[in-house]
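Student: Please take me through the terms used for this structure. I would like each value set against its definition.

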Amino acid sequence: MEHPAGNPKPIAEVTGVGKGTYTQITAIVAPDSAQAGQTVNVEVKIKNIWSTYIHIYCVAVRDTVDRFIDWIDAWVAPGATQSYYGSFVMPNQSCTINAYSYYEGDDSYLYSDDSKSKDVALAEVYEGTISRKELEYDSARAAIPASNIPQGKRGLVHIWGRNDMSTTQQMGIWWEVKDPDGVVRETYSAWEAWPYTSPGSSHEFIGGRFNLDKAGTWRITAQLFMKVDGQSPLLDEYSGTLCTVQTAVPEPEFAGFAVTDYSKK
Amino acid sequence: MQSLYERQLAALGALGVAPPGKLTVMRGDIVRMTVAFNYRGSAINVTLRCSIGQKNLGVFDEIAYATKPISLPQSMDFVPYEAYADISTAAIAPGMNYDIEAKIEEYTGQTLVKVDNVIDVLGEPEFQNFVITDYSKL
């Protein structure tokens with residue numbers, strides 16, 4: 001491969017803005033934000049902008065401290081784009097991805113050619129908890145999962161969602177109740193109305209009534225949400241037994257009561 | 001149709017009598033009253049009460065009674081049962097045509113039954129038609 005300037009030169013001397021002489025980093029594919037501890041997957045796309053095959057190397061570093069794409073190389077056809085992949089664990093602060101392309105010169109040395117950066121913001125962790133679950137049946141209440149509920153009662157689900165963040169938030173809920181045959185008997189969803197839930201407090205969601213008319217195990221899936229910045233992240237979930245319903249026992253009833261015999265003992 | 005022998009045994013109280021048959025007892029005897037019924041529902045403990053008495057102005061006037069606790073298991077369908085209670089007649093004055101009554105105390109509305117004029121109670125030794133029928137040389 002012939003270098004246009006005869007010998008390799010520092011990239012700043014030979015390239016225009018946004019691309020190198022032989023290569024161009026066309027994209028750094030990574031999320032704009034991530035939560036601390038989350039694995040951030042990164043794809044660096046490098047295009048061969050020269051007229052012949054080039055042996056292109058890629059290095060990508062997070063904040064100059066974590067080289068997560070470490071001299072990965074590929075021979076790239078003229079005009080083709082090669083992807084280089086890597087990942088890192090999001091630190092507890094925003095960070096910057098710096099990607100570099102290198103080409104192998106005729107002298108077998110590697111020369112820096114292009115670079116590109118992308119910022120990844122630290123995403124806020126939305127925290128909330130399903131703090132309490134109760135089943136109301138007629139005038140009685142029991143914690144979910146409840147057991148031995150008499151058949152024929154009218155069920156009413158109460159679920160409390162706690163705001164575990166440091167600011168007031170609007171809490172939302174969704175749940176679905178299925179009877180022992182797997183038939184959906186109640187679907188409920190709601191966003192709480194203003195004023196919203198203050199830090200550490202809980203909001204009670206109350207569904208609609210349904211008939212506990214089948215003996216066996218009833219199930220519920222409930223999900224707690226929070227409305228922030230136009231998003232509705234899932235905070236907590238419960239999926240399991242709502243209650244067990246006992247077969248209805250008829251009221252005590254006598255029939256055919258009669259004296260059949262009397263004798264001297 | 002009872003034979004003469006059976007009627008004699010019944011009169012002596014040795015055989016059970018079915019309503020509306022009559023039972024004759026000596027004062028102080030124990031009368032065993034047996035009831036039959038069907039039950040369904042939750043498991044319950046109830047009390048069988050059997051009585052001997054007389055109607056007074058149309059109202060049953062209980063003179064002697066006995067109770068017996070009964071435990072009935074839970075049942076979704078009617079199940080037949082039989083139970084009895086033993087009543088002492090010591091408190092009953094000798095007389096004829098006493099009535100009997102039986103019920104489950106906790107469910108009187110569903111169980112109260114009466115049978116009239118079925119118990120005779122004999123009292124002091126009693127002779128009847130005592131006459132000289134013959135006299136002769138031995």
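Tutor: Start with the contact between the chains: 36 residues of chain B are in contact with 17 residues of chain A. This is a predicted model, in which local features need pLDDT of at least 70, side-chain atom pairs count only at pLDDT 80 or more, and totals for chains, interfaces and linings use all residues. Residues are numbered from 1 along each chain as its sequence is written, while chains are lettered from A and ligands numbered from 1 in the order in which they are written.

Student: What makes two residues count as being in contact?

Tutor: Their C-beta atoms, placed from the backbone, must lie within 7 Å. By that test, 36 residues of chain B have a partner among 17 residues of chain A.

Student: Which elements supply the side of chain B that touches chain A?

Tutor: β1, β2 (30-41), β5 (75-88), β6 (95-104), α2 (108-111) and β7 of chain B each give at least two residues. β2(B) gives the most, with 12 residues.

Student: What is the sense of the pairing between β1(B) and β7 of chain B?

Tutor: β1(B) and strand β7 (residues 113-122) of chain B pair in the parallel sense, over 4 bridges. B:Met26 has B:Leu122 as its bridge partner in β7(B). Strand β1 (residues 23-26) also has a covered face, B:Leu23 and B:Val25, and an uncovered one, B:Thr24 and B:Met26. In a regular strand the side chains alternate between the two faces of the sheet.

Student: Why is B:Glu105 called exposed?

Tutor: A residue is exposed if 12 or fewer other C-beta atoms, placed from the backbone, lie within 10 Å of its own, buried if 20 or more do, and partly exposed in between. B:Glu105 has 12 C-beta neighbours inside 10 Å, so it counts as exposed. B:Glu105 lies in the loop between β6 and α2 of chain B. Leaving out residues up to four places away in sequence, B:Glu105 touches B:Val46, B:Thr47 and B:Arg49. B:Thr47 is 58 residues away in sequence, yet the C-alpha to C-alpha distance is 5.6 Å.

Student: What makes β1 and β6 of chain A the edges of their sheet?

Tutor: The open sheet has 3 strands in the order β1-β3-β6 (chain A), with antiparallel pairing. β1 (23-29) and β6 (81-89) each have a single partner strand, so one side of each is left without a neighbour in the sheet. Strand β3 (residues 39-48) of chain A pairs with β6(A) over 9 bridges, and A:Ile46 has A:Gln82 as its bridge partner in β6(A).

Student: Which strands stand at the edges of the open sheet of 5 strands in chain A?

Tutor: The order is β11-β18-β17-β13-β14 (chain A), with mixed pairing. β11 (146-150) and β14 (184-191) are the edge strands, since each pairs on one side only. Within this sheet, β17 (residues 216-227) and β18 (residues 234-246) of chain A pair in the antiparallel sense over 10 bridges, and A:Gly216 stands opposite A:Val245 in β18(A).

Student: How much of each chain is buried?

Tutor: Of the 265 residues in chain A, 31% are buried; for the 138 residues of chain B, the share is 22%.

Student: What does pLDDT say about residues 1-17 of chain A?

Tutor: pLDDT is the predictor's confidence in each residue, from 0 to 100. Chain A has a mean of 90, and 93% of its residues reach 70 or more. Over residues 1-17 of chain A, however, the pLDDT is below 50, and this stretch has 19 contacts in the model beyond near neighbours in sequence. Where pLDDT is low, the predicted coordinates should not be read in detail. Chain B averages 89; among its elements, helix α1 (residues 4-11) has the lowest mean pLDDT (54) and β2(B) the highest (96).

How values were computed. Pairing = 2+ DSSP bridges.
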